[in-house]
Amino acid sequence: MCEPKHFTVEYTINPWMDPSQPVSTELAVKEWTELADTYRRWGHQVEFIQPQPGLPDMVFAANSGTVIDGRVLGARFRAPQRAAEADHYRRWFLDHGYRDVTMPTKTNEAEGDFTWTGEVLLAGTGFRTDPGAHAEAQEILGVPVISLQLVDPRYYHLDTALCVLQEATSDRRAHVAYYPEAFSPGSQRVLYRLFPDAIVANAADAECLGLNAVSDGRNVAIPMEATHLADQLINHGYDPTFLDISELRKSGGGPKCCTMELRG
Ligand code: ARG
């Protein structure tokens with residue numbers, strides 16, 4: 001995670017970002033601290049990277065690396081305003097003992113568009129990550145990749161439209177939640193085929209970035225407005241932790257965007 005010490009909304013690279021709207025950096029730090037505290041309360045270890053001045057979106061750690069079995073695939077941002085973030089994270093990995101770190105040649109916004117199910121890597125494209133980055137991820141990480149087409153600019157990253165609630169095990173597929181309308185008709189059919197028992201989110205859940213949730217298989221960090229989705233989570237035995245993300249959402253981000261998962 002990366003503290004939003006330099007967080008602002010000073011450019012527009014997705015429909016959520018309006019530089020004329022006031023943003024409180026102090027409140028963003030408070031919201032983010034609550035998220036970090038939540039993970040620690042759940043019993044997870046949290047690592048931090050030093051925020052850099054001039055990189056207001058660096059708080060969105062999910063966009064800077066995909067880590068599976070200790071193997072790291074870095075990022076290559078579409079927007080020039082975010083380009084420099086990738087190297088700060090690359091150096092963090094090298095300084096923290098990661099030996100297998102590869103930087104992509106294609107536009108690749110990491111866990112913004114890549115979601116690990118425990119079995120396959122779901123990969124979004126349409127707004128940010130290049131479809132060629134999907135093939136690159138498959139080769140570098142050595143995991144099967146399934147490409148999904150995003151069609152609604154508000155849900156420009158896969159992690160704004162889908163989240164894994166429980167990873168797959170040897171005898172059971174992953175359990176996921178998603179907002180079908182964010183995907184092309186073909187990709188909706190793929191998702192239904194893969195996850196017939198998924199939790200289906202509605203427009204209100206998606207519009208508060210409710211799908212940008214983080215689950216450890218039992219606990220789920222979720223924006224507090226996503227009440228319809230949270231009710232379904234509770235019915236399925238999950239334990240939601242409700243978070244205020246008012247400031248981070250002004251940049252198009254939520255709990256998942258602020259979280260890069262270090263797997264192995
Ligand atoms: N303002 C950032 C951008 O548009 C938000 C990134 C959100 N991150 C995410 N994983 N969806 O790039």
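Predicted model: local features only at pLDDT ≥ 70, side-chain atom pairs only at ≥ 80, totals over all residues.
Residues are numbered from 1 along each chain as its sequence is written, and side-chain values use heavy atoms, with hydrogens and water left out.

The ligand is surrounded by 16 residues, a residue being counted if one of its heavy atoms lies within 4 Å of the molecule. The closest of these are N14, R82, R128, D159 and C257. Polar contacts are pairs of N or O atoms within 3.5 Å; within protein, one atom must be able to donate a hydrogen and the other to accept it, and residues adjacent in sequence count only if both atoms are side-chain atoms. A ligand nitrogen lies 2.7 Å from an N or O atom in the side chain of D159, and a ligand nitrogen is 3.0 Å from an N or O atom in the side chain of D57. For the side chain of R128, the corresponding distance is 2.8 Å, from an oxygen atom of the ligand to an N or O atom. The protein covers 100% of the 350 Å² of accessible area that the ligand has on its own (Shrake-Rupley method, 1.4 Å probe; for residues, only the protein chains shown count as cover).

The structure holds 17 salt bridges, each defined by a side-chain nitrogen of Lys or Arg within 4 Å of a carboxyl oxygen of Asp or Glu. R82 pairs with D57 in one of them, with the closest N and O atoms 4.0 Å apart. This pair links distant parts of the chain, 25 residues apart: R82 is in the loop between β2 (71–73) and α2 (85–95), and D57 in the loop between α1 (25–41) and β1 (66–68). Helices (H or I, at least four residues) and strands (E, at least two) are DSSP runs, numbered from the N terminus. Both R82 and D57 are buried, where buried means under 20% relative accessible area, exposed over 50% and partly exposed in between (1.4 Å probe, protein chains only).

A salt bridge with an N to O distance of 2.6 Å joins R90 and D87. Because they are three residues apart in helix α2, R90 and D87 are separated by about one helical turn. R90 counts as partly exposed at 27% relative accessibility, and D87 is partly exposed at 31%. E247 and K250 form a salt bridge with their closest N and O atoms 3.0 Å apart, and both residues are buried. Salt bridges with shared partners join E111, K256, E261 and R263 into one network.

In helix α6 (residues 227–235), the residues L229, A230, Q232 and L233 are buried. They lie on the same side of α6, because they cover an arc of only 160° around the axis, taken from the directions from the helix axis to the C-beta atoms. The buried residues of α6 pack against several elements, including β7 (162–166), α5 (203–207), β11 (219–223) and β12. Just after α6, G237 takes a positive phi of about 90°.

T241 belongs to strand β12 (residues 239–243) and counts as buried at 17% relative accessibility. Its side chain makes a polar contact of 3.4 Å with the side chain of W42. Apart from neighbours within four places in sequence, T241 is in contact (heavy atoms within 4.5 Å) with T38, W42, V220, A221 and I222.
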